[in-house]
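Work through the exercises below with the sequence and the coordinates at hand. Each task is followed by a solution in steps.

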Amino acid sequence: MSLKLQRDDLLPGRNFIGAWCDARDGRRLEVSDPATDAVFSTVPDSGAEDAKAAVDAAHAAFPAWRAVPAKQRAQILKRWNDLIVANQEDLGRLISREQGKPLAEGRGEVAYAASYVEWFAEEATRANGEVIPAPAAGRRMFALKEPVGVVAAITPWNFPAAMIARKIAPALAAGCTVVCKPAEDTPLTSLALVRLAEEAGVPAGVLNIVTASRARTPEVVDVWLDDPRVRKITFTGSTPVGKHLARRAADTLKRLSLELGGNAPFIVFEDADLDAAVEGLMVSKFRNGGQTCVCPNRVFVQSKVHQAFVEQLSARVAALKVGPASDPASQVGPMINARAVDKIERHVMDAIAGGAQALVGGTRLTSLGPNYFAPTLLVGADSRMACAREETFGPLVAITRFESEADVVAAANDTPFGLAAYFYATDVRRIWRVADALQTGLVGINEGALAAEAAPFGGVKESGYGREGSVHGLDDYMQLKYVCQGQL
Ligand code: SIN
């Protein structure tokens with residue numbers, strides 16, 4: 001079934017490279033609904049020529065855009081924010097249709113995306129440099145902030161609006177121009193956002209977007225990696241791809257922001273408020289059906305409260321309503337594609353073969369459609385299992401019992417990843433001991449919902465580097481220039 005929006009022009013179905021256009025060779029990419037795998041729209045399947053044209057446009061537009069006063073850039077971003085908010089329903093429906101998340105979450109993601117645009121509209125006017133006390137007489141010394149130049153943004157499918165917003169808004173606020181390639185599974189929301197950016201007054205050439213299939217993505221990205229005019233890559237996605245980008249970007253020494261995979265621990269200590277811990281786990285684990293990089297991936301519960309916690313959690317997981325985004329009652333939608341479902345199934349089977357026990361779920365839900373997996377609760381998981389070593393990215397809770405604080409902190413840190421961690425406890429000394437000891441970029445203490453535009457989002461270790469959002473987010477798109485005036 002085709003998708004009807006209140007505003008038809010939010011489905012342009014074309015690239016934007018200074019103007020709306022098709023791929024140079026006319027190829028198209030089909031977009032399907034993960035609930036059914038039925039194709040409902042198409043976009044350009046772009047290649048190297050389109051990628052180069054996008055850089056040409058962004059490079060040409062850069063001198064004028066960086067010269068636009070910050071206040072004016074801020075006003076354009078504010079208008080973009082207002083338009084995103086005004087079109088929340090259409091954008092929410094688009095997200096849900098191409099990505100599969102329930103409509104309430106789709107609408108929520110639009111508000112989340114807009115919050116970054118609004119935040120960076122305000123930050124644009126605060127890109128202050130420094131006046132440095134000169135160590136010698138007759139001099140004035142300054143550290144000025146300037147935009148890095150053309151930014152290539154490569155965005156993921158799990159938050160088709162929010163991840164674009166939190167990369168493009170700071171880039172535009174800083175005075176950079178952008179070339180963007182959204183994920184092949186979810187290109188429509190990004191095109192709609194670019195349409196609204198155009199309407200908000202972002203000048204032609206400043207924000208360019210090309211869509212491409214999985215097969216042609218390397219062609220597009222290679223052009224951007226090789227082109228010395230692209231001065232920065234910002235990427236959210238897997239750690240192997242992030243490492244590849246870092247290696248290839250080294251040839252032209254581009255700056256990088258990499259928001260990569262996670263393997264978040266969620267720890268429930270015996271002094272925790274169990275009701276709050278269950279609620280926090282439900283919120284953070286089942287957001288977007290478990291398809292977020294900050295989702296708890298390993299759940300550790302201290303022996304004394306293990307039984308009580310598992311009992312409460314089983315009831316909650318079993319009660320989750322699974323279904324398509326179009327059903328207002330759905331709480332967990334389909335996974336993004338068949339590969340995602342295969343991975344979850346592999347993790348469940350591996351855990352059961354290793355001695356874990358499924359208390360809830362554990363199977364595909366083929367009666368609902370091709371890409372559904374039942375919310376699943378396993379107990380008896382351990383660190384050798386695939387679900388503990390790899391990011392599952394699905395509605396699987398695998399619980400490991402632990403005895404001591406020292407053991408659980410060591411286990412939590414026993415991973416190359418370091419994006420998010422969560423724990424529930426009430427002893428204030430333990431709270432700060434554990435918060436200090438966890439090797440992650442984000443820590444939730446008695447809180448399962450961490451992300452906010454005002455907070456610095458990003459990882460350590462192999463979860464990447466760079467921070468998105470907060471007062472630090474703009475600096476990722478700016479460089480410092482030291483200016484010294486003498487003979488005064
Ligand atoms: C992500 O999964 O990449 C982002 C999640 C968030 O912003 O909370």
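## Exercise 1: a helix and its faces

In this predicted model, helix α11 (residues 338–353) is made of 16 residues and spans 22 Å from its first C-alpha to its last, close to the 22 Å expected at 1.5 Å a residue.

Task: Determine which residues of α11 are buried, how they are arranged around the axis, and what covers them.

Solution. 

1. Apply the cut-off for burial, which is under 20% relative accessible area. In α11 this selects Ala 340, Val 341, Ile 344, His 347, Val 348 and Ala 351.
2. Look down the axis of α11. The buried residues fall within an arc of 125 degrees, so they line one face of the helix.
3. Turn to the other side of α11, where Arg 339, Met 349 and Ala 353 are exposed.
4. Identify the cover. The elements over the buried residues of α11 include β15 (376–379), α12 (386–389) and β16 (396–402).

## Exercise 2: the packing of α7

Task: List the buried residues of helix α7 (residues 217–226) and the elements they pack against.

Solution. 

1. The buried residues of α7 are Thr 217, Val 220, Val 221, Val 223, Trp 224 and Leu 225.
2. Their packing partners are the helices α1 (48–67) and α8 (239–249), together with the strands β7 (150–154), β8 (177–181) and β10 (230–236).

## Exercise 3: cavities and a residue in their linings

Solution. 

1. The largest cavity contains about 80 Å³ of space. By class, the lining of the largest cavity has seven nonpolar, two polar and three charged residues.
2. The second largest cavity has a volume of about 40 Å³. The lining of the second largest cavity divides into five nonpolar, five polar and two charged residues.

Task: Where does Thr 292 lie in the fold, and is Thr 292 buried or exposed?

Solution. 

1. Thr 292 belongs to the loop between α9 (274–286) and β13 (296–302).
2. Its relative accessible area is 3%, so Thr 292 is buried.
3. Leaving out residues up to four places away in sequence, Thr 292 touches Asn 158, Phe 159, Arg 287, Glu 391 and Phe 393.

Note on methods. Residues numbered from 1 in each chain as written. Predicted model: local features only at pLDDT ≥ 70, side-chain atom pairs only at ≥ 80, totals over all residues. Heavy atoms only, no water. 1 Å grid on protein atoms, 1.4 Å probe; cavity = no way out; pocket = protein on both sides within 12 Å on 5 of 7 lines; lining within 4 Å. Points joined across faces, edges and corners; volume = space filled by probe spheres on them. Nonpolar A, V, L, I, M, F, W, Y, C, P; charged D, E, K, R; others polar. Helix = DSSP H or I, 4+ residues; strand = E, 2+ residues; numbered from the N terminus. Buried < 20%, exposed > 50% of the residue type's maximum accessible area, 1.4 Å probe, protein only. Contact = heavy atoms within 4.5 Å. Expected span 1.5 Å × (residues − 1). Arc of directions from axis to C-beta.
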